[in-house]
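Here is a brisk report on one chain. Please keep the sequence and the 3D view open while reading.

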Amino acid sequence: DMLRLMAEGLLYHYFNKPKEANKTIGKLITNYQNEMGFENSLSMTGIVLKNLLTMEKYDDAIKASSSLIEQIKPYVDSETTEGFRVICNMATDLQKYEPTRLTRSDSEVEVPLTIEKVGRGELMFVPVSVNGKEKSFIFDTGCAAMNYVSEEFAEELNIRLISDSLYISGVGGSGYGWIGIADSMNVGDIT
């Protein structure tokens, strides 16, 4: 049952079903924290906190991440607490702005997709309009929560940079970036 809950929680998370993910991961942590161990429990808690950001439940994310940092501080290195502090800071910054609204027609939406050879592999691209300017974006199936662009790209698209010192890590490496807000984004008929 533990592995099933873990698999379901991760699938819900990566297939953008944050509410279902948090419910499942909550059961997992409640019932199997000892069997999973400290590191796995902490990782799954991080997913819950990220999902709170995705669902725009900023107060909950602030309270939960602040509480977690205080609880784990004596047992982990500063890099681990920094990851949770970033979530807390993001929630604090984002709660100052209007919630995201998603609109789309009731009919099927078709979005053109191109596949291009890049380096030794291939990447999928989709046309996206940000603040009225159309660009080709990588369709990144491994990035469930956010979109990442360079500071120059954000400037070109008039994305408002609202906070710095966001720690970002992934397959390509890690570093610090900004949180930005676009006034509008369209993918096909989805706004």
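## Strands and turns

Strands β1 and β2 form a hairpin with two residues between them. In its turn, Gly119 has a positive phi of about 60 degrees. This is a predicted model. Strand β1 covers residues 114-118 and pairs with β2 in the antiparallel sense, over five bridges. Within this pairing, Ile115 stands opposite Met124 of β2.

Strand β2 (residues 121-130) is also joined to β3 (residues 133-138). These two strands run antiparallel, with six bridges between them. Phe125 has Ile138 in β3 as its bridge partner. The hairpin of β2 and β3 has two residues between the strands. There, Asn131 takes a positive phi near 50 degrees.

## Helix α2 against helix α3

How are two packed helices described? By the angle between their axes and the distance between the axes. For α2 and α3, the angle is about 160 degrees and the axes are 8 Å apart. Angles over 145 degrees count as roughly antiparallel, and α2 and α3 are therefore roughly antiparallel to each other. Their crossing is left-handed.

On the α2 side, the contact is made by Phe38, Leu42, Thr45, Leu49, Leu52 and Leu53. Helix α3 brings Tyr58, Asp60, Ala61, Ala64, Ser65, Leu68 and Ile72. By class, this contact of α2 with α3 has 10 nonpolar, two polar and one charged residues.

## Helix α2 against helix α4

Helix α2 (residues 18-54) packs with α4 (residues 78-94) too. Here the angle is about 15 degrees, and the axes are 10 Å apart. Angles under 35 degrees count as roughly parallel, so α2 and α4 are roughly parallel to each other. The crossing of α2 and α4 is left-handed.

From α2, the contact uses Leu42, Gly46, Leu49, Lys50 and Leu53. From α4 come Thr80, Phe84, Ile87, Met90 and Ala91. Seven nonpolar, two polar and one charged residues make up the contact of α2 with α4.

## Helix α3 against helix α4

Do α3 and α4 run roughly parallel or antiparallel to each other? Their axes come within 8 Å and cross at roughly 155 degrees. Helices α3 and α4 are therefore roughly antiparallel. This crossing is left-handed.

Helix α3 contributes Tyr58, Ala61, Ile62, Ser65, Ser66, Leu68, Ile69 and Ile72 to the contact. Helix α4 contributes Thr80, Thr81, Phe84, Arg85, Cys88, Ala91, Thr92 and Leu94. By class, the contact of α3 with α4 has 10 nonpolar, five polar and one charged residues.

## Positive phi in two loops

Which loop holds Asn16? Asn16 sits between α1 (2-14) and α2. Its phi is near 55 degrees, a positive value in a residue other than glycine.

Asn158 lies in the loop between α5 (151-156) and β4. Phi of Asn158 is near 60 degrees, again positive in a residue other than glycine.

## Confidence

The mean pLDDT of the chain is 89. A value of 70 or more is reached by 95% of its residues. Among the elements, helix α3 (residues 58-72) has the highest mean pLDDT, at 97. Strand β4 (residues 160-170) has the lowest, at 76.

One caution applies when reading any such model. Where pLDDT is low, the predicted coordinates should not be read in detail.

Methods: Residues numbered from 1 in each chain as written. Predicted model: local features only at pLDDT ≥ 70, side-chain atom pairs only at ≥ 80, totals over all residues. Heavy atoms only, no water. Axes fitted to C-alpha atoms, helices over the stretch in contact; angles between N-to-C directions. Helix = DSSP H or I, 4+ residues; strand = E, 2+ residues; numbered from the N terminus. Parallel < 35°, antiparallel > 145°, perpendicular 65-115°, else oblique. Left-handed = near helix turned anticlockwise from the far one by under 90°. Contact = heavy atoms within 4.5 Å. Nonpolar A, V, L, I, M, F, W, Y, C, P; charged D, E, K, R; others polar. pLDDT = per-residue confidence, 0-100. Pairing = 2+ DSSP bridges.
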